[in-house]
Amino acid sequence: MKKLLTYMKGYKKQCFLAPLFKMLEALFELFIPLVVASIIDVGIANGDTSYIAWCCVIMVALGAIGLTCTLFAQYFSAYAAVGFVSGIKHGLFKHVSSLSYSEIDTLGTSTLITRMTSDINQVQTGVNLTLRLFMRSPVIVFGAMIMAFIVDVNASLIFVVTIPLLAAVVFGIILSTIPLYKRVQSKLDDTLHTSRENLTGARVIRAFGLEEKEKAKFHRQTEDLNKGQKLVGRISAIMNPATFAIVNISIAILIWRGAIQVNYGNLTQGQVIALYNYMSQILIELIKLANLIVTMTKAVACANRIESVFEVKPSQESGTLKSGGNEGEPTVEFKDVFLRYAGSPEYTLESISFTAMQGERIGIIGGTGSGKSSLINLIGRFYDCEKGQVLIEGNDAREYDLEYLRESIGIVPQRAVLFRGTVRDNLKWGNKNASDAEILEAIATAQATDVLESKSEGLDFVIEEGGKNLSGGQRQRYTIARALVKKPKILILDDSSSALDYATDAKLRHAIGAMEHKPTTFIVSQRTASLQGCDRIIVLDDGKMVGIGTHEELLALCPVYQEIYNSQFKEDVQ
Amino acid sequence: MKKMQLSSVKRVFKYIKKYTFLLILSILLAVVTVGFTLYIPIVIGDAIDQIVGKGNVDFQIVGSLLLRVGIIAVGIAILQWVMSIINNRITYNVTRDVRNDAFNKLEKLPLSYIDSHPYGEIVSRMISDVDQMAEGLLLGFTQFFTGIATIIGTLIFMLFLSPIITVVVVVLTPLSLVVASFISKRTYSLFKKQSEARAEQTAIIGESIGNLKVVKAFSHEDESLEDFDKSNEELKRASVKAIFFSSLVNPTTRFINALVYAGVALVGALVVMGSFGTAITVGALSCFLSYANQYAKPFNEISSVVTELQNALACGGRVFELIDEKEQVPDKEDALALSDAQGEVVLDNVSFSYTPDKELIRDLSLRVNRGQRVAIVGPTGCGKTTLINLLMRFYDVNNGSISVDGTDIRDITRHSLRSSYGMVLQDTWLMGGTVKENIALGKPDATDEEIIEAAKAAHAHSFIKRLPKGYDTVISDELGGLSQGQKQLLCISRIMLSLPPMLILDEATSSIDTRTELKIQNAFASLMLGRTSFVVAHRLSTIKEADVILVMNKGNIVEQGNHRELIERKGFYYELYNSQFENCEEH
């Protein structure tokens, strides 16, 4: 909470003025019953028409001043709440962008998105309401009591009983229904889940003829939900009637005690009406206050969750080196590298050593979960190894400025992700200053020319969110082109031809091999056919390197490679 | 639009009909409680009239009047509570009934509907739209009736007490309505701007943070932040305006209430003094003042209820649209229940298309004998799964016919046809539940031993064993935790358990690494023995042994024959096959 409050700094004035103006409005409101009392006691009693008229003018004036005060208060609180929150959002976005892969894994992107959207909106609502109501409601509730005391303490003692009693009922009901509402919500989520499941799994459910069973399940869930809703409804329905009864009984007692004081001559008839009005005022404000406190606790919980994201520090520090190493050094060298992910008891990679010279083509193969992607993630220093060393052009990867290092690497990730914007915008991710000619060249190499030509807008074709308006294979080829636009020293293809058919895949490999600037290329694949032309192939099994060499060498010596190969070319070997 | 609303109203009433008695009771209670609620200030006024001054208080009357206030208040409280419970019961039961109907419909919708509508949209109709409708209904019940009763009741009571003051209240109160509607019209457009700005920002967050790894891989953090800040600035501007204007409603209506209050006090005081003929008492004035305080409230409530109700009806309309959706053609009454299918499948001049303007399959004829293996190959997106949709009767053919064991599949019950096939799809789908339940999907009465046996055959046993609770581990499709390959192994276990007479394998091993796949192949081979099977794969090595290969391209079957025949033909299949062995060194 504390750290977030620093974002409030620029809004100190507003945070002070908003509640102040609100309080003024409340105070003016508290004077109204007194004015009414004097209309009755002085104006009517003396038959003084102009006095009555003046009193009414005062009432209108009090209302107008109150309105003016609120306008200021509402503006200040809206301004402060929105400004505060947009400051946090900027800070949070920047902070999250600075995190390393390891922290992103631990936090999870969906959590981060929730923090930045719904959590932060809750905070905004909370701050806004707090600034607006936190002064008003207590001032009216306790102000009404104090004003009543000023009118007559003896008659007003009932306030001391009524306020805590009302508070107990209101808060008791609200607090006791919170967990019940949560249960209702989770039951609603169950029905949502079942509905979703029956859509995503429509084919399987129908294939196994499970329709009736699913119906029964859903009906059970709605019945459950119905029961939960009725229960919570029954409890929260107590609030209005109970408070109504309490207030009216209190009024009866108040008037009774007022009557006694009037009889003694300590109080006038008009003052009794004033007391009655004060009693009526507190209920609405008390309910508002209770709701405000619920909103505030929610907002504080959200704020704390947001703060916990701020507390996560990036585990990697950027180095300072902004130039490559010596000519003769290998582009990439792994020296006995061990990798372990945060929170995992076991190594994901163990004792990996190899070198890749400039322009070489390195293949990486292995089953699912064998550590292929982990290995290539070390090259761009997306993770740091626990033991050993990753050297890029002779220097430890940790010595490089991270941005410099990553600029020199072109990655095609497994999942083909594109962003909203034109094809051109997307490909310029690789190189901000790329010309159209360079972009087209990259597209040609990535075998994506036909994709480009299939849309009449060409490079100006607008890609929708998540690349929805392109097929998987089309997206994949654009992501390849995006990496190629960089003309990177190191090119990494992480199983990036999975959505391509064999023919296109082969053409792609050929085109990459023919590229002018000869990048050092890493190709991750499950298919031996895709790797046969590589200078060296690294065979991974369960995080360990079980073989390295050319296709022929491995075929002769590496049993795991043989197995993989045979599984794909069974008949040929026979 | 209006027509749709009207029909929605009719539909809602149809659902409420079951609860007519409760509804009438609720309305009755509303009238009674409102009447008594309005009566209380009058009693209090009468009491105040007995408290005139020093030594001039009639305690006996005051006492009995105040006692009456207490008793009435408690009575109202009880009635109000009963009314709320009744209202809750009506709304929640209607919600449940509507949801159940919607779900029943869901299970009968043709696959074409499900395939062509975003899941999120259908789900939101069933869940949030129904909720919104319920909320609107509940609010309608609780506030609409009581609101109207309050307005009418107050009018009657006021006229009874003093027509002149009533005129003041009736003339001034609409001001607050005018102001409120003026503000809310303004805020509507501001809110719209705000929600557009927010949607834009959410999209940016979803993209940049959801794909943060890609952003970082391209060192694109600064540019993303720039984009974000732009949207942030825009949202900030829109939000301040929207929040400020919307927060004006309460203070301005409060101010207008103060005007009404002052007006009542002024005219009331004059009436009390007898300036307008018949005088009223001070107590009656206090009663008027409390009416004046509350009179605007039901108007404001009703106006918000009206928007709420409109929204509820619109939501209801969407739900009812789903419930009214055309169902799949029901099974014929004399439809045959297929048992122990032999597996002789004949496609006779089949034509099919998803949309009328784009023909997919034309005049396809194919005869598959018992135990034969049919492979379907072709590049991505060529329509391989279409054939499966037809075989499983997820879609009906447009022309021609498909028959199993000599009977047109349209004359067979869907359930028996589908359970004769064992289907494993590329798109693995697991249902929320334990591993065991998922494997036993097609055979719920299977013993543990049978389940483990099936898992072993699918090579899933070893990884299931290592799950936290073994076969009782709860998996949820959404939660993940299992790799795509492991999910596929579970799906294969399903058919290893149910052992249906025919098989459909759509890229069934696409996510399993080739070494494990090889191990499963043997199990598949023995499973396919004697069973008619349809296999879609792009690993050509798994296809070579098929009896018939259907080569598809752009939705059509372009070639048909076995591996050797097709290679000799040097056509499309030949080209596909060769690209697998292409060696990068050659280029």
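Two strands count as paired when DSSP finds at least two bridges between them. With that in hand, welcome to a predicted model in which 125 residues of chain B are in contact with 128 residues of chain A. In chain B, strand S3 (residues 345-352) and S4(B) are joined by 5 bridges and run antiparallel. The points below go through confidence, the interface, the sheets of chain B, and then chain A.

**How confident is the prediction?**

- For the complex, the predictor gives an ipTM of 0.83 and a pTM of 0.77.
- Chain A has a mean pLDDT of 88, with 99% of its residues at 70 or more.
- Within chain A, strand S1 (residues 332-339) has the highest confidence, at 94, while helix H22 (residues 570-573) of chain A has the lowest, at a mean of 44.
- Chain B averages a pLDDT of 85, and 95% of the residues score at least 70.
- Among the elements of chain B, H3(B) has the highest mean pLDDT (93), and helix H20 (residues 572-581) of chain B has the lowest (73).
- Residues 581-587 of chain B have a pLDDT below 50; this stretch has 13 contacts in the model beyond near neighbours in sequence.
- Where pLDDT is low, the predicted coordinates should not be read in detail.

**Where the chains meet**

- On the side of chain B that touches chain A, the largest share comes from helix H3 (residues 59-108) of chain B, which supplies 25 residues.
- By residue type, this side of chain B holds 69 nonpolar, 37 polar and 19 charged residues.

**The four-stranded sheet of chain B**

- In chain B, 4 strands form an open, antiparallel sheet in the order S4-S3-S6-S7.
- Strand S4 (361-368) and strand S7 (407-408) of chain B are the edges; each has a single partner strand, so one side of each is left without a neighbour in the sheet.

**The six-stranded sheet of chain B**

- Another open sheet of chain B has 6 strands in the order S8-S11-S12-S5-S13-S14, with mixed pairing.
- Strand S8 (421-424) and strand S14 (556-561) of chain B stand at the edges with a single partner strand each, so one side of each has no neighbour in the sheet.
- From one strand to the next, the twist averages 15°.
- Strand S11 (residues 502-506) and strand S12 (residues 532-536) of chain B run parallel and are joined by 5 bridges.
- In that pairing, B:Ile504 stands opposite B:Phe534 in S12(B).
- Helix H12 (residues 384-391) of chain B lies across strand S5 (373-377), S11, S12 and strand S13 (548-553) of chain B, and runs at about 150° to S11(B).

**Helix packing in chain A**

- Two packed helices are described by the angle between their axes and the distance between the axes.
- The axes of helix H5 (residues 109-133) and helix H12 (residues 269-311) of chain A come within 8 Å and cross at roughly 140°, which makes H5(A) oblique to H12(A).
- The crossing of H5(A) and H12(A) is left-handed.
- Residues of H5(A) in this contact include A:Leu112, A:Arg115, A:Ile120 and A:Leu133; on the H12(A) side, they include A:Lys288, A:Leu292, A:Met296 and A:Val309.
- The contact of H5(A) with H12(A) comprises 13 nonpolar, 5 polar and 5 charged residues.
- Helix H8 (residues 158-200) and helix H10 (residues 211-236) of chain A have axes that come within 9 Å and cross at roughly 165°, which makes H8(A) roughly antiparallel to H10(A).
- H8(A) also passes H10(A) in a left-handed crossing.
- The residues of the H8(A) contact with H10(A) divide into 10 nonpolar, 10 polar and 6 charged.

**A hairpin in chain A**

- Strand S11 (residues 536-541) and strand S12 (residues 544-549) of chain A run antiparallel and are joined by 5 bridges.
- A:Ile538 stands opposite A:Ile548 in S12(A).
- S11(A) and S12(A) form a hairpin with 2 residues between them, and A:Asp542 in the turn has a positive phi of about 55°.

Terms used: Residues numbered from 1 in each chain as written. Chains lettered and ligands numbered in written order. Predicted model: local features only at pLDDT ≥ 70, side-chain atom pairs only at ≥ 80, totals over all residues. Axes fitted to C-alpha atoms, helices over the stretch in contact; angles between N-to-C directions. Contact = placed C-beta atoms within 7 Å. Parallel < 35°, antiparallel > 145°, perpendicular 65-115°, else oblique. Left-handed = near helix turned anticlockwise from the far one by under 90°. Nonpolar A, V, L, I, M, F, W, Y, C, P; charged D, E, K, R; others polar. pLDDT = per-residue confidence, 0-100.
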